[in-house]
Amino acid sequence: MEMDAEELREKLLELSKREASLNFKMYELFNENLTLAIKLAGYIAENRMLGGKWSDEEAVKVMDKYLKAGRKEGHHPKEVHQ
């Protein structure tokens, strides 16, 4: 089952299109998750301001994953969940 050069180019083009589509979808999902992490950080801060003592290590890990991603090196804003 040999493929000629043209079939291989078509297959490569199809795979490249799929990859681009998946990369864009991952970008969209990352941005949605970043927005949710920012909202969650705001809710935690509001809860603490009102006297609450919210603490959930798993949620903090997920939040940090998105809030710290892409941050410039050396820039460390105050953590809201500490």
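Predicted model: local features only at pLDDT ≥ 70, side-chain atom pairs only at ≥ 80, totals over all residues.
The secondary structure of the chain consists of two helices and zero strands. Of its 82 residues, 11% count as buried. Among the contacts in the chain with a separation of 6 or more, 53% are accounted for by residues 24 or more positions apart.

Helix α1 covers residues 5-49, a run of 45 residues. From its first C-alpha to its last, α1 reaches 65 Å, which is close to the 66 Å expected at 1.5 Å a residue. Just after α1, G51 adopts a positive phi of about 100°.

Two packed helices are described by the angle between their axes and the distance between the axes. Here the axes of α1 and α2 come within 9 Å and cross at roughly 120°. An angle from 65 to 115 degrees would count as roughly perpendicular, and one over 145 as roughly antiparallel; α1 and α2 are therefore oblique to each other. The crossing in which α1 passes α2 is left-handed.

On the α1 side, the contact is formed by F30, N33, L34, A37, I38, L40, A41 and I44. These residues meet M63, Y66 and L67 in α2. By class, the contact of α1 with α2 has 10 nonpolar residues, one polar residue and no charged residues.

Terms used
Residues numbered from 1 in each chain as written. Heavy atoms only, no water. Helix = DSSP H or I, 4+ residues; strand = E, 2+ residues; numbered from the N terminus. Expected span 1.5 Å × (residues − 1). Axes fitted to C-alpha atoms, helices over the stretch in contact; angles between N-to-C directions. Parallel < 35°, antiparallel > 145°, perpendicular 65-115°, else oblique. Left-handed = near helix turned anticlockwise from the far one by under 90°. Contact = heavy atoms within 4.5 Å. Nonpolar A, V, L, I, M, F, W, Y, C, P; charged D, E, K, R; others polar. Buried < 20%, exposed > 50% of the residue type's maximum accessible area, 1.4 Å probe, protein only.
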